[in-house]
Amino acid sequence: MPDYEHNPYVEEVVGRYITLSIDGVDNRVYFEESGSGTPLVCLHTAGSDSRQYRHLLADEAVTERFRVLAFDLPWHGKSLPPAGWWEQEYLLTTDRYIETVLAFCDRLELESPVVLGCSMAGSLVLELARTHADRFTGVIGLSGASTVKGRFHDWPLAPDVNSNQVVPSWVSGLMSPTSPEESRREVWWEYSQGGPGIYRGDTYFYSNDLDLRGKEHEIDTVKCSVHLLTGEYDYACTADETEATIAAIPGATGGRMTDIGHFPVSENYPKFREYLLPALRDIDSRRADSTH
């Protein structure tokens with residue numbers, strides 16, 4: 001007999017659509033949310049979607065103090081590409097990515113939210129903290145660093161490559177072998193459903209467009225706290241690279257996570273929350289102090 005008290009048939013997560021103007025073009029964007037309190041905006045990894053945050057959205061230890069929101073970037077998940085998408089090559093840029101996040105926060109009138117991002121989004125949050133510190137209470141970057149090279153390739157577009165099998169298999173090697181197999185398979189499955197060229201277009205931002213080396217000191221962690229965490233099994237963005245970035249940002253915290261790889265939120269959420277909850281408590285306390 002299922003334990004409905006602790007695993008309810010109807011979850012508290014609610015899904016909605018909003019329209020965001022990005023680059024002057026309307027985009028119908030899907031997002032899910034649960035909880036109440038400080039807004040916590042969650043950004044998914046390259047080539048995937050907000051399903052990665054399903055465990056966090058259902059974690060009462062988080063949702064009792066945070067309003068958790070996770071959205072699909074345009075071209076991803078339930079967010080369709082904008083009109084005329086077939087006339088352009090999809091390449092995500094830093095400017096477009098930032099505009100999308102700010103448009104989402106503005107459209108929902110989120111006041112001083114916290115932003116949590118993984119992989120490409122784990123690097124993006126650093127640029128958000130650097131250029132828009134006044135907009136955010138804090139950022140949490142997973143599997144991110146000042147720069148991450150080597151992920152942008154053309155082979156996912158090759159007609160003799162089944163990218164819906166090769167891309168998820170390629171990224172699956174970034175996970176920890178100690179993470180539960182069911183969770184690792186779930187990451188693989190989500191990656192198998194990305195649109196043609198979308199993973200490649202995302203990694204253009206991750207590996208080619210964003211480079212914060214030499215600019216880390218411009219991040220004011222008094223205005224916007226910075227927490228960076230990377231799994232020890234991650235070889236796309238290594239824990240060493242993340243720790244070097246932390247050392248270059250005055251006041252940044254975080255470091256290496258044991259028994260976790262590149263997708264901590266989805267590959268082993270119970271282990272990851274051991275690192276997440278202290279970071280959220282720290283941000284929450286800073287937010288409380290700033291209001292007094």
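A: Let's start with Thr245, which sits in helix 8 (residues 239-248); helices here are DSSP runs of H or I, at least four residues, numbered from the N terminus. This is a predicted model, where local features need pLDDT of at least 70 and side-chain atom pairs count only at pLDDT 80 or more, while totals for chains, interfaces and linings use all residues. Residues are numbered from 1 along each chain as its sequence is written, and side-chain values use heavy atoms, with hydrogens and water left out.

Thr245 counts as buried because its relative accessibility is 4% (buried means under 20% relative accessible area, with a 1.4 Å probe and protein chains only). A polar atom of its side chain lies 3.0 Å from the backbone oxygen of Glu241. Setting aside neighbours within four places in sequence, Thr245 is in contact with Leu126, Ala145, Ser146 and Leu228, contact being heavy atoms within 4.5 Å.

Moving on to helix 4 (residues 120-131): its axis and that of helix 7 (residues 198-209) come within 10 Å and cross at roughly 45 degrees. Axes are lines fitted to C-alpha atoms over the stretch in contact, and angles run from 0 to 180 degrees between N-to-C directions. So helix 4 is oblique to helix 7, oblique being whatever is left after under 35 degrees (roughly parallel), over 145 (roughly antiparallel) and 65 to 115 (roughly perpendicular). Met120, Ser123 and Leu124 of helix 4 make the contact with Asp202, Phe205 and Tyr206 of helix 7. Leu124 also turns up among the contacts of Leu43, which include Tyr53, Phe71 and Tyr97 too.

Definitions and conventions:
Helix = DSSP H or I, 4+ residues; strand = E, 2+ residues; numbered from the N terminus. Buried < 20%, exposed > 50% of the residue type's maximum accessible area, 1.4 Å probe, protein only. Polar contact = N/O pair within 3.5 Å; in protein donor to acceptor, adjacent residues only side chain to side chain.
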